[in-house]
Amino acid sequence: MTVHTIGIIMNGVTGRMGTNQHLVRSILAIRQQGGVTLPNGDIIMPDPILVGRQEHKVKALAEKHGVTRWSTDLDACLADPANRVYFDSQTTVHRAASIKKAIAAGKDIYCEKPTDSSLEGSLELARLAVQAGVKNGVVQDKLFLPGLLKLKRLVDSGFFGKILSVRMEFGYWVFEGDWQPGQRPSWNYRKEDGGGIIVDMFAHWRYVLDNLFGKVKSISCLGITHIPERVDENGERYKATADDSAYATFLLEGDIVVQANSSWAVRVDRDDLLTIQVDGTEGSAVAGLRDCKVQHRVNTPKPVWNPDIENPFAFTEQWVDVPANQIFDNGFKVQWELFLKHLVIDTPFPWDLLEGAKGTQTSDLGLQSWKERQWVDVPDLKL
């Protein structure tokens with residue numbers, strides 16, 4: 001048995017997502033389970049080095065979780081041949097410059113999305129990675145959520161017949177910061193800092209739609225800033241310059257119509273923070289983050305519109321849960337394991353920087369549609 005130790009530069013993991021999902025629940029969880037086992041019995045063992053601009057934060061994070069390697073010197077980390085992979089979960093405005101450095105240093109790349117704040121920047125990263133011959137991947141975590149895996153199982157089985165439409169509802173009320181602290185960093189609500197729900201979420205919707213239902217052909221989007229003023233982490237009021245809600249329609253191949261509402265100014269009256277309803281000729285399904293329920297055509301009730309009587313149907317009781325039939329691991333961890341296998345034994349990993357650029361393209365086109373107040377087509381991307 002051979003142990004393949006992979007040095008991973010983890011830049012920007014002092015933030016909430018980087019700490020919880022990528023460091024603790026992915027890389028450290030993989031180490032605690034004894035690494036990733038390959039088909040021949042070999043083991044891949046990730047060896048992280050935490051990198052950040054603020055020494056006290058990165059040092060405290062390393063000490064808290066027993067990580068022996070940490071640094072504030074990214075250039076030195078990139079120069080160290082023991083570090084094969086560069087991972088980036090910084091804010092979007094800082095990401096591209098660091099990835100370019102890492103590509104120039106010959107490091108394999110794995111990063112959060114959006115990969116850049118513009119399509120041109122995202123495509124440049126994809127081209128540079130191909131030219132340098134480095135392996136690369138982008139986090140597309142929602143594909144590995146239990147609810148969406150169950151939904152994909154239904155799609156692949158032909159359960160829906162012809163898929164007609166998809167309705168996506170995402171969001172929750174993010175406190176303004178005056179009487180309760182906001183649940184998200186204030187930069188999310190400043191356009192000049194890379195904020196906005198279109199930039200943040202449309203990258204997710206693109207890979208979810210492409211991978212589950214069909215290629216996105218065109219977009220119509222309306223963005224809005226419902227809450228024009230918020231209070232930041234220091235108790236200072238600031239103007240919210242970025243959109244906090246977006247109401248979009250996507251047309252997919254096969255004339256599948258997708259309605260997607262995304263909002264940080266909505267109170268939740270549904271089963272989950274994200275719900276996806278799929279309607280087809282043979283059946284329907286509603287998926288959340290972990291659960292999925294279905295209603296086949298033979299179980300569909302026959303309601304009749306009659307506002308003069310009490311509703312006789314308990315509609316929510318007429319659905320059946322899709323069984324798990326397997327143990328679902330953390331989605332971020334699953335994709336990390338797939339990427340590590342891709343590095344060592346070259347197993348397929350289709351979620352590369354070009355796929356990441358498609359997410360940025362979708363955000364750009366959503367913003368364009370909002371500005372022009374019209375439908376915009378989605379052209380194929382090529383390097």
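Which residues in α6 are buried? Before answering, a word on what you are looking at: this is a predicted model, in which local features need pLDDT of at least 70 and side-chain atom pairs count only at pLDDT 80 or more, while totals for chains, interfaces and linings use all residues. Residues are numbered from 1 along each chain as its sequence is written, and side-chain values use heavy atoms, with hydrogens and water left out.

Now to α6. Its buried residues are P146, G147, L148, K150, L151 and L154, where buried means under 20% relative accessible area with a 1.4 Å probe and protein chains only. The elements that cover them include the helix α7 (197-212) and the strands β14 (274-280), β15 (283-287) and β16 (292-296). Helices here are DSSP runs of H or I with at least four residues, and strands are runs of E with at least two, numbered from the N terminus. The length of α6 (residues 146-157) also makes sense: at 1.5 Å a residue its twelve residues should span 16 Å, and the end C-alpha atoms are 17 Å apart, which agrees. That expected span is 1.5 Å times one less than the number of residues. Just after α6, G158 takes a positive phi of about 80°.

Next, look at two helices side by side. Helix α4 (residues 92-104) packs against helix α5 (residues 119-132) at an angle of about 10°, with axes 10 Å apart. This makes the two roughly parallel, a label for angles under 35 degrees. From α4, the residues A96, I99, K100 and I103 meet E124, L125, L128, A129 and A132 of α5, contact being heavy atoms within 4.5 Å. Seven of these residues are nonpolar, none polar and two charged.

Finally, follow the aromatic rings. The structure holds 15 aromatic pairs, counted when ring centres of Phe, Tyr or Trp (its six-membered ring) lie within 6.5 Å; planes under 30 degrees apart are stacked, over 60 edge-to-face and the rest tilted. F339 and F349 are edge-to-face because their centres are 5.3 Å apart and their planes stand at 70°. This pair links F339 in helix α8 (residues 331-345) with F349, ten residues away in the loop between α8 and α9 (353-372). F349 also pairs edge-to-face with W351, since the centres are 4.9 Å apart and the planes at 90°. F349 counts as buried at 8% relative accessibility, and W351 does so at 14%. Together with F87, Y110, F144 and W336, the residues F339, F349 and W351 form one aromatic cluster.

Conventions. Axes fitted to C-alpha atoms, helices over the stretch in contact; angles between N-to-C directions. Parallel < 35°, antiparallel > 145°, perpendicular 65-115°, else oblique. Nonpolar A, V, L, I, M, F, W, Y, C, P; charged D, E, K, R; others polar. Buried < 20%, exposed > 50% of the residue type's maximum accessible area, 1.4 Å probe, protein only.
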